[in-house]
Amino acid sequence: MFFVTRLRLRARENGFFFSKSLSFSSASVLRSDDFEGEDDAIEAEDRRRSVTDRAYWRRRIHSICAVRRNPDEALRILDGLCLRGYRPDSLNLSSVIHSLCDAGRFDEAHRRFLLFLASGFIPDERTCNVIIARLLYSRSPVSTLGVIHRLIGFKKEFVPSLTNYNRLMNQLCTIYRVIDAHKLVFDMRNRGHLPDVVTFTTLIGGYCEIRELEVAHKVFDEMRVCGIRPNSLTLSVLIGGFLKMRDVETGRKLMKELWEYMKNETDTTMKTAAFANLVDSMCREGYFNDIFEIAENMSLCESVNVEFAYGHMIDSFCRYRRNHGAARIVYIMKSKGLKPRRTSYNAIIHGLCKDGGCMRAYQLLEEGSEFEFFPSEYTYKLLMESLCKELDTGKARNVLELMLRKEGADRTRIYNIYLRGLCVMDNPTEILNVLVSMLQGDCRPDEYTLNTVINGLCKMGRVDDAMKVLDDMMTGKFCAPDAVTLNTVMCGLLAQGRAEEALDVLNRVMPENKIKPGVVAYNAVIRGLFKLHKGDEAMSVFGQLEKASVTADSTTYAIIIDGLCVTNKVDMAKKFWDDVIWPSGRHDAFVYAAFLKGLCQSGYLSDACHFLYDLADSGAIPNVVCYNTVIAECSRSGLKREAYQILEEMRKNGQAPDAVTWRILDKLHDSMDLTVERELISNPATSG
């Protein structure tokens with residue numbers, strides 16, 4: 001327990017667990033002499049100008065807010081001017097609020113506007129509406145509504161614009177405060193505004209969203225009574241409400257009415273929006289067969305552009321992960337002599353690959369050759385990886401050849417993606433064949449290509465082949481190896497137990513190629529040596545790391561602690577913590593978890609508990625994994641009381657138990673109940 005005592009003493013001496021010095025970038029703190037001179041000239045001009053020179057101060061504040069984007073400086077100048085008798089006007093207020101909103105400080109913008117109002121600085125009506133429109137971008141309708149109410153309290157004659165009313169109602173409906181949105185309709189009428197079709201459509205959509213269909217229909221009827229003709233989008237929104245409530249018959253009746261509306265609709269944008277909303281509603285509620293009927297009989301909605309209609313059906317199916325349904329829309333289009341948009345077709349193949357339908361995606365890709373379709377690079381990558389996971393090299397090779405025919409494609413990158421997919425398979429011959437194909441096709445492999453090849457060969461256990469590729473790189477046949485290449489080779493050698501060769505790469509090959517080993521290289525070697533139970537060699541490599549002036553990180557310490565504990569050198573791990581890790585200040589939850597795991601697995605549960613308590617007392621923040629490690633060991637030892645003490649300590653230190661914690665405790669209770677049952681069976685006299 002000596003290391004625990006030292007931990008306590010050092011925690012008291014230092015006062016805090018971490019001892020990092022705060023540093024700032026010189027680029028963010030220091031300014032050049034030119035900027036200092038310019039700022040001094042501006043400040044001198046500010047002192048020379050009178051408070052009554054309003055034109056100057058308007059330009060000055062606007063420049064700070066719009067050009068420099070520094071609302072804090074503008075507010076500081078305004079505060080100083082107000083102390084000298086300056087009264088801010090609408091332009092000053094508008095500049096500050098816009099600048100705060102541009103910086104994403106919407107909450108502060110709301111507060112500042114209210115402070116201006118409370119101070120008696122009431123802008124004109126136009127500026128008020130502009131500011132409200134800007135505040136609505138915050139998507140905080142409750143805060144903006146509060147600002148409007150306060151503004152009306154200070155300025156009785158103020159009337160928000162109809163656009164602001166409609167936007168505010170829409171935002172209230174999106175957070176399901178439809179009643180408040182409906183109240184705004186009465187408020188706008190009292191202030192002289194007449195609701196328009198946007199107002200009623202927004203309200204109908206809000207009531208449909210909260211499943212108040214009767215109220216939505218009443219609003220629809222009220223709309224007609226007021227002499228406002230519903231447009232196609234209004235009817236589409238109402239249909240979505242009936243579909244949501246599973247009233248399919250009424251929804252279909254309204255659809256027929258919608259088609260007639262759309263024939264008489266003159267606004268193409270409105271017809272497009274109505275159709276898109278209808279398809280989205282049907283997809284969202286699962287009425288896919290109805291969409292197929294519309295697709296097969298497009299004469300019903302002939303007023304909508306056919307290519308857009310089919311394209312949106314495909315996009316909507318893909319959005320709701322119904323990629324096979326989207327493919328059916330493609331077949332319907334082909335039967336009518338139409339070609340799908342390349343983006344839509346790409347979305348289908350992409351979605352199929354993500355949902356495990358790579359064979360269907362491959363089939364669609366082959367069919368896409370009819371209209372010279374090539375997938376995007378990301379979709380190609382996804383399809384290639386999926387086919388390689390299915391171990392279908394033939395189809396993957398066909399996809400590669402297709403992409404190589406794509407005009408303007410980066411051939412090396414196309415090969416690299418294919419090679420990365422092959423690394424999933426145990427097929428080193430194909431990897432080497434691809435490398436030969438690249439050379440024969442005048443496509444020179446780059447560092448990424450060769451690193452991918454070496455990584456794949458090492459993962460497949462073909463380290464000798466990887467070493468041959470490395471030799472070719474070092475002799476000049478390919479590009480020179482980099483740190484990633486040599487790190488990968490060392491990991492491959494260590495995985496096969498060839499520690500001496502790995503150390504030779506670290507100590508000889510890397511310096512010969514003028515590559516300085518970094519902390520990643522040392523971490524890889526140390527981890528590999530510990531896995532081979534070569535603890536002394538691993539600690540010797542750590543000594544080389546320190547001599548090479550390479551700074552060890554928390555990953556290094558976690559590897560060493562774990563390795564020492566696995567090799568039954570717990571006392572050495574404790575000493576390493578006291579002498580190296582603690583003074584360095586570079587330790588995090590991964591290091592704590594590694595140490596706690598090692599202590600628990602080595603039978604030092606008491607030390608693990610004390611170490612966990614001392615970490616919290618020292619100001620460190622062990623995460624839930626650290627606590628779960630100790631609780632799990634208590635559970636295995638049948639120590640119910642101690643397990644719940646650790647749980648209480650976890651909560652006290654601000655960590656919430658997760659699903660793993662409760663599962664461990666559940667197993668503890670089950671095992672204890674089973675133990676009691678066995679005791680009762682073995683001692684029936686006691687139970688009586």
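**Entry 1: the model.** I note that this is a predicted model, in which local features need pLDDT of at least 70, side-chain atom pairs count only at pLDDT 80 or more, and totals for chains, interfaces and linings use all residues. Residues are numbered from 1 along each chain as its sequence is written, and side-chain values use heavy atoms, without hydrogens or water.

**Entry 2: confidence.** I looked up pLDDT (the predictor's confidence in each residue, from 0 to 100). Its mean over the protein is 86, and 91% of the residues reach 70 or more. Over residues 1-35, pLDDT stays under 50.

**Entry 3: a helix pair.** I then turned to helices, which are DSSP runs (H or I, at least four residues) numbered from the N terminus. Helix α6 (residues 90-102) packs with helix α8 (residues 125-135) at an angle of about 5°, their axes 10 Å apart; the axes are lines fitted to C-alpha atoms over the stretch in contact, and angles run from 0 to 180 degrees between N-to-C directions. The two helices, α6 and α8, are therefore roughly parallel (angles under 35 degrees). In contact (heavy atoms within 4.5 Å), the α6 residues include L93 and I97, and those of α8 include V130 and I131.

**Entry 4: the largest pocket.** I used this meaning of pocket: on a 1 Å grid over the protein atoms alone, an open set of points where a 1.4 Å probe fits, with protein on both sides within 12 Å along at least five of seven lines; lining residues have an atom within 4 Å of a point. The largest has a volume of about 340 Å³ (the space filled by probe spheres set on the points). Of its 18 lining residues, G205, G206, C208, E209 and V237 are the closest to the centre. Helix α12 gives the most to the lining, with six residues.

Notes:
Angles under 35 degrees count as roughly parallel, over 145 as roughly antiparallel, 65 to 115 as roughly perpendicular and the rest as oblique.
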